Amino acid sequence: MKLLRTARLMWCVPVVGFLFLLIAASPVQAQDDDFQDLLEQVGEEYARAYASPFIEAFGPNQNSAMFQGASIPWGQLTFGVGIKVMATHLNEDDQTFQKTVRNVDLGSIDSSLSGTGTLILNGPTVFGDPDTRGTVTLLPDAGGPPIALEGIPGLVDSRFVPLMAPEASVGGVFGLKATLRYFPELDLGDYGKTKYLGFGLQWSPNGLLVDFPVDMMVGFFDQEMNVGSLIEANAKTMFIAVSKDFNPLTVYGGFAKESADMTVGYTYETTGERISFTAESQQESRFTLGAKLKFLSAEMGVGKLTTYSAGAMFGF
Amino acid sequence: MKNNLKTMVALGLVLMLTGLLGACESDSVSPKDETPELTQENVAYQAAIVALAMVEVGPRVIDFTPAKNVYTYSFTGYEYVEGDVEIDFRTGGASGEPATPSNADYARLVTLGDTGLTVTYDGLAGSAMSLTADIQANLDQVNDTATIFAPSGGSMVSGVYTGTFDIDGVVVGVTGYPTAGTITFTAGGHTLAVTFNGTANVPVSVNGTTTWMLNLSDGELSEVMPPM
């Protein structure tokens with residue numbers, strides 16, 4: 001049943017397919033744990049720190065591969081459909097975390113405790129070692145020895161956070177191009193319903209600057225993705241790009257201001273409490289450099305995080 | 001031909017710039033808070049826990065029954081300690097010949113595995129410290145005692161905190177509390193010594209001054225007020 005549920009999720013949501021493929025391929029599958037199962041074993045502070053690389057990398061992934069050049073015709077209708085894949089390369093340090101929380105009600109951690117204390121959360125993040133469990137160390141304010149409780153293991157040992165997005169575009173009128181990233185709403189059983197929608201607009205002043213040595217373009221994109229009640233991820237980006245055509249190769253680069261947030265919700269097993277928190281991505285801008293050869297493109301985005309993307313767009 | 005050259009130059013430029021950008025590794029985005037420092041009281045409790053464990057572990061080098069020179073002992077049903085140790089018996093000291101326990105004058109007890117023994121304190125569900133130890137002892141078959149000598153010792157891990165301990169001159173019997181010797185415990189920049197005296201009440205001292213008293217029968221640690 002569990003396998004069936006995971007299989008449905010992988011099949012149904014190409015947007016997060018890469019991530020869940022990694023999860024399914026990891027040794028953790030044998031432990032019958034998935035992301036939600038693991039989060040349900042810990043409180044909010046642990047979950048925030050544990051999931052932080054995923055939360056931080058997801059937005060930059062969503063905001064990647066926004067363009068494959070800056071040239072948009074002024075009087076020739078164009079259509080495109082294809083797929084974009086992205087992966088944020090995490091810093092090695094993000095496979096582990098340590099977070100200290102003071103003035104915690106110890107009774108909320110273990111019913112046999114009372115009073116307040118300092119909580120030290122330590123261990124692998126979601127992208128850390130699946131064979132190593134984290135620890136929760138309590139230092140009671142009233143004194144006594146450090147008290148150690150078990151945390152949760154990493155989910156998948158990887159420094160790459162992947163994402164995939166289907167995309168379609170239409171443009172060519174006065175330098176305008178509209179782009180859509182979309183996947184129909186699907187019911188994933190225990191995971192709830194999932195949906196993915198993103199849209200954006202680009203405009204190129206090429207028609208006005210006919211003798212300008214490079215093509216230019218400005219644009220924005222807005223995306224929302226839900227995975228049941230577990231994850232809601234939003235991302236916004238505004239960008240400016242230039243490109244130069246060296247037939248058959250097009251070289252392009254750009255700068256973007258962006259923002260992203262993710263809300264994570266789950267039920268904490270110990271208390272039965274519904275936990276929901278929202279975290280904003282620390283990445284606010286990026287530089288992009290890429291190249292397109294016919295319908296294939298590859299690029300690199302460098303901001304607080306480094307993201308690699310590739311796309312295959314077919315059209316006319 | 002000219003177009004091909006331009007394409008090659010452009011591609012080379014892209015690869016070069018990508019290589020430069022590639023040197024820009026992602027910043028770390030997960031929390032990396034510093035570990036709060038332990039107080040002397042925290043460390044006193046840790047030292048007490050090691051002493052309580054020693055009361056249960058130490059006698060195993062003299063309280064033996066199997067007629068084998070090396071055997072694994074499982075701590076089950078004990079108040080504080082759980083797990084397995086290996087005990088190696090010899091006659092003629094550490095470099096002597098393997099011997100059965102009743103003929104040995106030397107024993108070495110080593111905890112097994114990376115995490116060693118699990119020590120539970122105060123009955124808190126799920127809370128446990130792991131203790132590794134390597135203990136060497138001279139056996140006195142006449143008096144049924146063993147003297148644990150340096151460089152015996154080990155380490156204790158409690159969540160993010162690790163402490164080390166040295167055991168010197170601790171005399172254990174088949175029953176009762178250790179009659180002499182010291183465990184020196186170091187963690188978080190604090191060093192405390194637990195000195196055994198054959199009774200249930202033993203001093204825990206800092207720089208030779210008794211700062212705490214540990215009751216080995218119930219595990220209670222009480223602070224000793226300095227004289228006014």
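**Exercise 1. Which residues have the most contacts inside the largest nonpolar core, and how many residues does this core have?**

Before we start, a word on the model: it is predicted, so local features need pLDDT of at least 70 and side-chain atom pairs count only at pLDDT 80 or more, while totals for chains, interfaces and linings use all residues. Residues are numbered from 1 along each chain as its sequence is written, chains are lettered from A in the order in which they are written, and side-chain values use heavy atoms, with hydrogens and water left out.

*Step 1.* A nonpolar core is a set of buried Ala, Val, Leu, Ile, Met, Phe, Trp, Tyr and Cys residues joined through side-chain atoms within 4.5 Å; buried means under 20% relative accessible area, exposed over 50%, and partly exposed in between (1.4 Å probe, protein chains only).

*Step 2.* The largest core has 60 residues, and L139(B) and F196(B) have the most contacts inside it.

*Step 3.* Helix α2 of chain B (residues 40-57) gives the most to this core, 13 residues. Helices (H or I, at least four residues) and strands (E, at least two) are DSSP runs, numbered from the N terminus.

*Step 4.* Now look around F196(B): leaving aside residues up to four places away in sequence, its contacts (heavy atoms within 4.5 Å) include A51(B), M54(B), V55(B) and L216(B).

**Exercise 2. Find a salt bridge between chain A and chain B, and say where its two residues lie.**

*Step 1.* Take the rule: a side-chain nitrogen of Lys or Arg within 4 Å of a carboxyl oxygen of Asp or Glu.

*Step 2.* Across the interface, this rule finds two salt bridges. In one of them, R159(A) pairs with E25(B), with the closest N and O atoms 2.7 Å apart.

*Step 3.* R159(A) sits in the loop between β5 and β6 of chain A, and E25(B) in the loop between α1 and α2 of chain B.

*Step 4.* Both residues are partly exposed: R159(A) has a relative accessible area of 22%, and E25(B) has 44%.

**Exercise 3. Which parts of chain B does the salt bridge of D134(B) and R108(B) tie together?**

*Step 1.* The closest N and O atoms of D134(B) and R108(B) are 2.5 Å apart.

*Step 2.* D134(B) belongs to strand β6 and R108(B) to strand β4, so the pair ties together parts of chain B that are 26 residues apart in sequence.

*Step 3.* D134(B) is partly exposed at 26% relative accessibility, and R108(B) is partly exposed at 33%.
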